[in-house]
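Trainee: Could we go through this chain together? I would like to begin with the overall picture.

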Amino acid sequence: QEKSYEKRYFATKISNPYFVKLAQSYGISGYRIEKKEDIKSTFDKVFSDNKPVVVDFVIEPMEMI
């Protein structure tokens, strides 16, 4: 929509669950990354665990990734 349709957006705003709590409810570690500065420290924790992990990245809605 951003590139091909001149920013004419057509969609329903969807809200997501809090994935960290959702992961924890299943007995899985969950981490939320909101700032670039937190990526390395969070991934150090993620890779030190030898079990499933959920990582929730918060991205600005209009961020072009």
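Mentor: The secondary structure of the chain consists of two helices and two strands. Helices (H or I, at least four residues) and strands (E, at least two) are DSSP runs, numbered from the N terminus. This is a predicted model, in which local features need pLDDT of at least 70, side-chain atom pairs count only at pLDDT 80 or more, and totals for chains, interfaces and linings use all residues. Residues are numbered from 1 along each chain as its sequence is written, and side-chain values use heavy atoms, with hydrogens and water left out.

Trainee: Which pattern does the chain follow along the sequence?

Mentor: The pattern is α-β-α-β.

Trainee: And how many of the residues count as buried?

Mentor: Of the 65 residues, 14% count as buried. Buried means under 20% relative accessible area, exposed over 50%, and partly exposed in between (1.4 Å probe, protein chains only).

Trainee: Let us turn to Asp56. Is Asp56 buried or exposed?

Mentor: Asp56 lies in strand E2. Asp56 is buried because its relative accessible area is 12%.

Trainee: What is Asp56 in contact with, leaving aside its neighbours within four places in sequence?

Mentor: Asp56 is then in contact with Phe19, Tyr31, Arg32 and Ile33, where contact means heavy atoms within 4.5 Å. The side chains of Asp56 and Arg32 are also joined by a polar contact of 2.9 Å. A polar contact is a pair of N or O atoms within 3.5 Å; within protein, one must be able to donate a hydrogen and the other to accept it, and residues adjacent in sequence count only if both atoms are side-chain atoms.

Trainee: Which side chain makes a polar contact with that of Glu34?

Mentor: The side chain of Arg32 does, at 3.2 Å. Glu34 sits in the loop between strand E1 (29–33) and helix H2 (39–48). Glu34 counts as exposed because its relative accessible area is 56%.

Trainee: How far apart are the C-alpha atoms of Glu34 and Glu60?

Mentor: They are separated by 9.6 Å, and the two residues are 26 residues apart along the chain.

Trainee: A last topic: where is Ile59 found?

Mentor: Ile59 is in the segment after strand E2 (53–57). Ile59 counts as partly exposed because its relative accessibility is 42%.
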